[in-house]
Amino acid sequence: MSLISNLKPGGKNGVPSSESRDPIGYLVAGLNRLAQTDLLDRVRMRKPAEQAVFSVTRTGFKTMTSASRTFARAGKKGQPGTRPTAAASSGVFDLTPTEDEQMLVDVVTEFAEEVVRPAAAEADKACAAPDTLLKASLEIGLPILGLPESLGGVSEERSAMAGTLVAEALAKGDMGLAVATLAPGSVATAIGLWGTDAQQQTYLPAFTGNEVPAAALALNEPSVLFDVLSPSTTATKSGDGYVLNGTKSLVARGDHAELFVVGAQLDGKPVLFLVESSTEGLSIEGDPAMGVRAASMTKLVLEDVKVPADAVLGETDGSTYTECVRLSRLAWCALAVGTAQAVLDYVTPYVKEREAFGEPIAHRQSVAFMVANIAIELQGMRLLTYRAASRAAAGKDFSREVALARKACADKGMQIGLDGVQLLGGHGFVKEHPVERWYRDLRAIGIMEGTVLV
């Protein structure tokens, strides 16, 4: 047996025999084998070897994630970019999707059922989305969903409503994979909404082409009592640009991202910045969480990261940043609705088929009432989310509506996840059934900021 074959991770500890390591993995595995012998102690090299392992894993991971394509500069500096038109509003709150929206939802629903749901359990275990699934998401146009046709997208008007429907449909398959597939499109949508002509012409062609870059929206921070509207990450003016310092957490697929939208405090106001992953001073660390694991959450560290003056996305008075937060919260509400619907769809037939004391447990009032409460609260979450999305699409103020939707989805979403586990009893606690994963995912709704938007 060759040395490389001997160092493969598969076939033990529950890892499939088909798994393989990357070069860094083989090096670490080799050092680990060496550390298990007494050779290092005999030559008094134990401490240096342990330091080497730490340095290789730390700097090696960062080096591997620092590569990025070169975005060709284009467009006119200082000129406003193309903006999507507001959706027509009749003044009547109508929940019926348009014909185009319904076609889009049907396609995404089929994708969620046939591709996303079957891959969810393994993706959650591996903390990574399969490449085949990510490529399939590009084929149905997820990265360009929020872009107007003039910029190579598919929307004729603001896409908040369509984005909400798509996020909900994807989350029925799996929230983590939904986040992984929606993250690049969120950055493209942000550039379409607030970017200058130069920013749009520089970055958006990559998203509308065949090789769509991974990209991430980074607003969350690993601090106690974090207030998204008052980030600790700072931006200071330096010459003809800015210097960014801080740490962002729960950044989706940050180790693959080639472009980040980073939130930072500038002169007392929260501002968005476009930062390419090849910029000096950026580093990525793993940041696995309790839920949404398939989105490969990472931590983005910025140490004296220098960006040009035209890296600012939108206004510097905090208005763009605030709208970004609201659209992001709207996206998370849609994800909560989709995941909660998955819980309801799963527990309803289960309680009808599961028997105790000679009859289905659905015959017990306590069980029937719990299922009914899930359906009631879910419909309330959906109505509030759709209301906020319809106002956002029409270009109206939706601050109140999205605040109500987020409160309902955070509170009731967690309760639905908890009730789903409870209804399955012991089965709700094991990974054989997906409800425990949905419960973990639903707890993210009140915590996550950024990452996706509609």
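Predicted model: local features only at pLDDT ≥ 70, side-chain atom pairs only at ≥ 80, totals over all residues.
Local features need pLDDT of at least 70 and side-chain atom pairs count only at pLDDT 80 or more, whereas totals for chains, interfaces and linings use all residues. Residues are numbered from 1 along each chain as its sequence is written, and side-chain values use heavy atoms, with hydrogens and water left out.

**Exercise 1.** Determine how many helices and strands the protein has, and what share of its residues is buried.

*Solution.* Begin with the secondary structure: there are 13 helices and 11 strands, taken as DSSP runs numbered from the N terminus (helices H or I, at least four residues; strands E, at least two). Next, consider burial: of the 454 residues, 50% are buried. Here buried means under 20% relative accessible area, exposed over 50%, and partly exposed in between (1.4 Å probe, protein chains only).

**Exercise 2.** Identify the location of Lys76 and the residues that Lys76 touches.

*Solution.* Lys76 counts as exposed because its relative accessibility is 57%. Then list its contacts (heavy atoms within 4.5 Å): leaving aside residues up to four places away in sequence, Lys76 touches Asp197 and Ala198. Finally, compare the separations: Lys76 and Asp197 are 121 residues apart in sequence, while their C-alpha atoms are 5.7 Å apart in space.

**Exercise 3.** Examine the salt bridge of Asp124 and Arg440, and state which network includes these residues.

*Solution.* Apply the criterion first: a salt bridge is a side-chain nitrogen of Lys or Arg within 4 Å of a carboxyl oxygen of Asp or Glu. The whole structure contains 14 salt bridges. In one of them, the side chains of Asp124 and Arg440 meet at 3.0 Å, N to O. This pair links distant parts of the chain, with Asp124 in helix α5 and Arg440 in helix α13 (residues 435-442), 316 residues apart. Both partners are buried. To complete the picture, salt bridges link Asp124, Lys431, Glu436 and Arg440 in a network.

**Exercise 4.** Explain why the salt bridge between Glu168 and Arg382 ties together parts that are 214 residues apart in sequence.

*Solution.* Start with the geometry: the closest N and O atoms of Glu168 and Arg382 are 2.9 Å apart. Then locate the partners: Glu168 lies in helix α7 and Arg382 in helix α11 (residues 365-393), so the pair joins parts 214 residues apart in sequence. As to burial, Glu168 and Arg382 are both buried.
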